Amino acid sequence: SNWALACRACNLPKSDAVDETDPVTDERVSLFNPREQKWDDHFELRGLPPTRVEGKTPHGRATVERLRMNTPLQLAARAQWVELGIFP
């Protein structure tokens, strides 16, 4: 019951970080917490494919930055997931 889905490519740069700087406001904010927050409140998808994850809130933007959610590798993987019908 305490598990949250996380891919290795996002989990490694997150490490033990709990906060990050929002690139828009330059404010230090907590990272998105999937156990307490709703994904749709903080993120949106843009483009098909490759599908980019964009932060809608300071928490979302900081999380996208910290987890490096839009690297070329992530975009390529997300495009495959879309093609396979497993994302979004």
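**Entry 1: ground rules**

I number residues from 1 along each chain as its sequence is written. The model is predicted, so local features need pLDDT of at least 70 and side-chain atom pairs count only at pLDDT 80 or more, while totals for chains, interfaces and linings use all residues; side-chain values use heavy atoms, with hydrogens and water left out.

**Entry 2: the fold**

I looked up the secondary structure and found four helices and four strands in the protein chain. Helices (H or I, at least four residues) and strands (E, at least two) are DSSP runs, numbered from the N terminus. Along the sequence the pattern reads α-β-β-α-β-β-α-α. The radius of gyration is 13 Å, close to the 12 Å that the globule rule gives for 88 residues, so the chain is as compact as a globular protein of that length. That radius is taken over C-alpha atoms, and the globule rule is 2.2 Å times the number of residues to the power 0.38. I also noted the box filled by the C-alpha atoms, roughly 35 × 35 × 25 Å along the principal axes.

**Entry 3: contacts, surface and charge**

I took contact to mean heavy atoms within 4.5 Å. Among contacts between residues at least 6 apart in sequence, 43% join residues at least 24 apart.

The accessible surface comes to about 6200 Å², and 52% of it belongs to carbon and sulfur atoms. The areas come from the Shrake-Rupley method with a 1.4 Å probe; for residues, only the protein chains shown count as cover. Of the 88 residues, 31% count as buried. Buried means under 20% relative accessible area, exposed over 50%, and partly exposed in between (1.4 Å probe, protein chains only).

I found 12 positive and 13 negative side chains, with the centres of the two sets 4 Å apart. Lys and Arg count as positive and Asp and Glu as negative, without His and the chain ends. The place of a charge is NZ of Lys, CZ of Arg, CG of Asp or CD of Glu.

**Entry 4: a network of salt bridges**

Side chains of opposite charge can pair when their charged atoms come close. How many salt bridges does the structure hold? I found six, a salt bridge being a side-chain nitrogen of Lys or Arg within 4 Å of a carboxyl oxygen of Asp or Glu.

Asp19, Glu20, Arg28 and Arg66 are linked in a network of them. Arg28 meets Asp19 at 3.3 Å, N to O. Arg28 is partly exposed at 49% relative accessible area, and Asp19 is partly exposed at 29%.

Glu20 meets Arg66 at 3.5 Å, N to O. This pair links distant parts of the chain, with Glu20 in strand 1 (residues 19-21) and Arg66 in helix 3 (residues 58-67), 46 residues apart. Glu20 is buried at 17%, whereas Arg66 is partly exposed at 25%.

**Entry 5: Arg61 and Asp22**

I then looked up the salt bridge between Arg61 and Asp22, at 2.8 Å, N to O. This pair also links distant parts: Arg61 sits in helix 3 and Asp22 in the loop between strand 1 and strand 2 (28-30), 39 residues apart. Is Arg61 buried or exposed? Arg61 counts as buried, at 19% relative accessibility. Asp22 is buried too, at 0%.

Leaving aside neighbours within four places in sequence, I listed the contacts of Arg61: Asp22, Pro23, Val24, Thr25, Gly55 and Lys56.
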